[in-house]
Amino acid sequence: MISFFIALAVLLIGYFIYGKFVEKVFGIDPQRATPATTMADGIDYVPMKPWRIYLIQFLNIAGVGPIIGAIMGAQFGTASFLWIVLGSIFAGAVHDYLAGMISLRDNGASLPEIHGAHLGKGAKQIMRAFTIILMILVGVVFVNTPATLLNNNFTQGWNPYIWIIIILAYYMIATLLPIDKLIGKIYPIFGFLLLGMAIAILIAFIIYKPEIPELWSGLQNCHPDAPNNPIFPMMFISIACGAISGFHATQSPLMARCMTNEKQGRPIFYGAMITEGIVALIWAAAAAYFFGPNSVVDVTGKSGAALVGIIANTWFTPVIATITILGVISAAITSGDTALRSARLIIADFIKINQKPIKNRLLVAIPIFAITAIILIYSISDAQGFQLIWRYFAWANQVLATVTLWAITVYLVKNKGKFWYLITLIPALFMTMVTSCFLFVAKAADGGLGSILPRPVSYGIGGIITLICLIAFAVWHRKLKKE
């Protein structure tokens, strides 16, 4: 358990030291007016208190990613601890902070607008479509997961479509209402609940003293199907929201439209990601014990969602266990609705339709929800359908993070000079390698070509793609310096 507490301390230190460094690289201006004050519309551009924005941002980006993703990532062994800590500090939090601050400086621009401004109009159109598809997939995943958890734990025997209809109806209301009317009021409560769950598990560590594996015991791959799931790149796809996630950058503009001062950026964007890393670390450590040889419960073949219930019911009283499960459900729901809200705003930005009139919001939202419902029907009717959707969601999520890192790198080159762009260039290259290799290393059932390509060839192709991206960047950078 020593490794766990060291990792926890490093995450906290990372916020105060590296987070401050990244803030200086960006160069905040506390006197600069923000979109919440210059473009207030009472719908999406609404000034809110910083602590409230922080909790909403944390809940928006968290979802079930730092819980389910961290649990499944823990199967790979203690290497998951390293990725959560280093990924959160040097990749995820940097990605979230700079994407959010660039949006803040650009009147709360949506993520595809940021891509277009720094990667070109072609990239803007491609990423606009890609991001909308990802947001719909997030909506699907975060309807299916809470509906399944509710049905399995509280209403066994119900038709699962009952919960799906209820959750979708709520999503429609949350998507259409002004951000301060529902999201701004109840989400901070859910944010405290999600933090409370993590603290409860931390207390359980102290009481039960589970044998959590240590880093110095080795970084060997402990996955039950290790031959088909090498740590690189599979673990880096499994643990997304707990280290770096493209979905986060789609949520940051929502909060950028509510901030009243640029100095709020570090706690809201960088801080929320570090908080999520802490939550992911706690759940990964708990799962590492239950996956280990000394577990008091056999979890062989159990899904991440099932393990949430096992952990809660093993360590907590029935009341606290129920609250924990409800907390996971609320985390999923409160990310699903903001994902679909983001899709509405991205489409509205594209077709340039004012979102103040309710009829305009309905005009954009109804097609989004219709497509979401169709995919949901498929995912419920076919057991393998949801697994396929989840795999594509996880990979697409990391691809979006990769493209966003490249866009931020271009922004830093143009606006900050020197070598400050290295803080995002290095993570961009790493994530390019991760997402490229996944396509060729993953077996066919996971959406890759690993079933037909030899492993060295797969890594080689991923390396070549990464090298091409680096060369293209170097050529562009050299050309820019000559201008």
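Student: In which loop is the place of Lys 352?
Tutor: This model is predicted: local features need pLDDT of at least 70, side-chain atom pairs count only at pLDDT 80 or more, and totals for chains, interfaces and linings use all residues. Numbering runs from 1 along each chain as its sequence is written, and side-chain values use heavy atoms, without hydrogens and water. Helices are DSSP runs (H or I, at least four residues), numbered from the N terminus. Lys 352 sits in the loop between H14 and helix H15 (358-381).

Student: What is phi at Lys 352?
Tutor: Lys 352 is not a glycine.

Student: Is Lys 352 buried or exposed?
Tutor: Relative accessible area decides (buried under 20%, exposed over 50%, partly exposed in between; 1.4 Å probe, protein chains only). Lys 352 has 74%, so it is exposed.

Student: Which phi does Asn 107 have?
Tutor: Asn 107 is placed in the loop between helix H5 (79-105) and H6. With a relative accessible area of 40%, Asn 107 is partly exposed. Asn 107 is not a glycine, yet phi is positive, at about 60 degrees.

Student: What is omega for the peptide bond that joins Phe 232 and Pro 233?
Tutor: Pro 233 belongs to helix H10 (residues 231-238). The bond between Phe 232 and Pro 233 is cis. Its omega is about 10 degrees.

Student: At what angle do the axes of helix H7 and H14 cross?
Tutor: Two packed helices are described by an angle and a distance, both taken between their axes. Here the axes are lines fitted to C-alpha atoms over the stretch in contact, with angles from 0 to 180 degrees between N-to-C directions. The axes of H7 (residues 121-153) and H14 come within 8 Å and cross at roughly 155 degrees.

Student: Are H7 and H14 roughly parallel or roughly antiparallel to each other?
Tutor: Angles under 35 degrees count as roughly parallel, over 145 as roughly antiparallel, 65 to 115 as roughly perpendicular and the rest as oblique. The crossing is at roughly 155 degrees. H7 and H14 are therefore roughly antiparallel.

Student: By class, which residues has the contact of H7 with H14?
Tutor: Classes are set by residue type: Ala, Val, Leu, Ile, Met, Phe, Trp, Tyr, Cys and Pro are nonpolar, Asp, Glu, Lys and Arg charged, and the others, Gly among them, polar. The contact of H7 with H14 has 19 nonpolar, seven polar and one charged residues.

Student: How much space lies in the largest cavity?
Tutor: A cavity is a set of points on a 1 Å grid where a 1.4 Å probe fits but cannot get out; a pocket is an open set with protein on both sides within 12 Å along at least five of seven lines. Points are joined across faces, edges and corners, and volume is the space filled by probe spheres set on them. The count comes to one cavity of 30 Å³ or more. The largest cavity holds about 50 Å³.

Student: Which helices each supply at least two residues of the lining of the largest cavity?
Tutor: Lining residues have an atom within 4 Å of a point. Among those around the largest cavity are Leu 111, Pro 253, Arg 257 and Ile 346. The lining divides into six nonpolar, three polar and one charged. At least two residues each come from helices H6 (111-119), H11 (246-256) and H14 (318-351).

Student: Which helix gives the largest share of the lining of the second largest pocket?
Tutor: The second largest pocket has about 570 Å³ of space. Its lining counts 27 residues, with Gln 75, Cys 222, Ala 288, Phe 291 and Gly 292 nearest its centre. By class they are twelve nonpolar, eleven polar and four charged. The largest share, four residues, comes from helix H12 (residues 265-291).

Student: How far apart in space are Ala 240 and Val 403, C-alpha to C-alpha?
Tutor: Ala 240 lies in the loop between H10 and H11. At 8% relative accessibility, Ala 240 is buried. Ala 240 and Val 403 are 163 residues apart in sequence; in space, C-alpha to C-alpha, the separation is 15 Å.

Student: What separates the C-alpha atoms of Thr 34 and Gln 156?
Tutor: Thr 34 is in the loop between helix H1 (2-26) and helix H2 (35-38). Thr 34 is buried, at 2% relative accessible area. Along the chain, Thr 34 and Gln 156 are 122 residues apart, and their C-alpha atoms are separated by 49 Å.
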